Amino acid sequence: MHAVRGWRREWGEQAPARLAVNVSGRQIADPAFPDDVAAALADAGLTADRLVLEIAESVLVGNDDDEVRTLWQLKELGVSLAIDDFGTGYSSLAYLQRFPVDILKIDRSFTARIGEGRQESPISLAVLALGRTLAVETIAEGIETADQWQRLQDLGCELGQGFLVARPMPPDRFAALLADPPAHLPAPARRS
């Protein structure tokens, strides 16, 4: 989180707007987790609206009231909550009404065929429609080609991640990417 604060100082509004962090089921089950998140934000000097906590859909299966309470406490802090790998779990859509979800991340297994000229994944199309209906953001995972990204934008998906943008990297390399984004990145990917 300290790196994000430094990027915001150096690049201002050109820096990433939010930091996404994957969290485990064990963390969600820990009643002290919201306090830990609040302390980490304070230590890093970041406001809660800059943090997205990504929770794998499978973690939400079989949730209990304590875990639901933890999610609501995190939401009350002001962080955003994303369901990662959406569409791969075996849970009911009913949990979308129970949890304070802000973002659905479409699993890469559903975006892989988009933009290839074959029949596109009906699941991706359904998740995009579900996101619009629920008024939550949708982020497509696993974008590897400019054609995929363009088609996803045509379908109404404004946010994405994948090797088209960059492979995972340490903070110092990411800072260099922010300073000099590759020319092949589409305009929306260059801003986010």
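## Salt bridges, core and contacts

At 18% relative accessibility, Asp102 counts as buried (under 20% is buried, over 50% exposed, and partly exposed lies in between; 1.4 Å probe, protein chains only). The model is predicted, so local features need pLDDT of at least 70 and side-chain atom pairs pLDDT 80 or more, while totals for chains, interfaces and linings use all residues. Numbering starts from 1 along each chain as its sequence is written, and side-chain values use heavy atoms, without hydrogens or water.

**Overall make-up**

The protein has 192 residues, and 39% of them count as buried. Its secondary structure consists of 11 helices and 6 strands (DSSP runs, H or I of at least four residues and E of at least two, numbered from the N terminus). Among contacts (heavy atoms within 4.5 Å) between residues at least 6 apart in sequence, 60% join residues at least 24 apart.

**Salt bridges**

The count of salt bridges comes to 7 (a side-chain nitrogen of Lys or Arg within 4 Å of a carboxyl oxygen of Asp or Glu). One of them joins the side chains of Asp102 and Lys75, with 2.5 Å from N to O. Asp102 belongs to the loop between helix 6 (95-98) and strand 4 (103-106), and Lys75 to helix 5 (residues 65-77), so this bridge ties together parts that are 27 residues apart in sequence.

Another bridge pairs the side chains of Glu141 and Lys105 at 3.5 Å, N to O. This pair links distant parts of the chain, 36 residues apart: Glu141 is in the loop between strand 5 (137-140) and helix 9 (146-154), whereas Lys105 is in strand 4. Both Glu141 and Lys105 are buried. These two residues also take part in a network of salt bridges that includes Glu54 and Asp84.

The side chains of Arg108 and Glu144 form a further bridge, with an N to O distance of 2.5 Å. Here too distant parts of the chain are linked: Arg108 lies in helix 7 and Glu144 in the loop between strand 5 and helix 9, 36 residues apart.

Relative accessibilities for several residues in this account are set out below.

| Residue | Relative accessibility | Class |
|---|---|---|
| Thr111 | 1% | buried |
| Asp102 | 18% | buried |
| Lys75 | 28% | partly exposed |
| Glu144 | 39% | partly exposed |
| Arg108 | 42% | partly exposed |

**Thr111**

Thr111 is found in helix 7, which covers residues 108-111. Not counting residues up to four places away in sequence, Thr111 touches Ile106, Ser124, Ala140, Glu141, Gly142 and Gln148. One of these, Glu141, is the buried residue that meets Lys105 in a salt bridge.

**Nonpolar core**

The largest nonpolar core has 42 residues, and those with the most contacts inside it are Val37, Leu53, Leu71, Leu74, Val79, Ile83 and Leu104 (such a core is a set of buried Ala, Val, Leu, Ile, Met, Phe, Trp, Tyr and Cys residues joined through side-chain atoms within 4.5 Å). Helix 3 (residues 33-44) gives the largest share of this core, 4 residues.

Leaving aside neighbours within four places in sequence, Ile83 is in contact with Ile55, Glu57, Leu60, Tyr95, Leu96, Val101, Ile103, Leu104 and Lys105. Of these partners, Leu104 is also listed among the core residues with the most contacts, and Lys105 belongs to the salt-bridge network with Glu54, Asp84 and Glu141.
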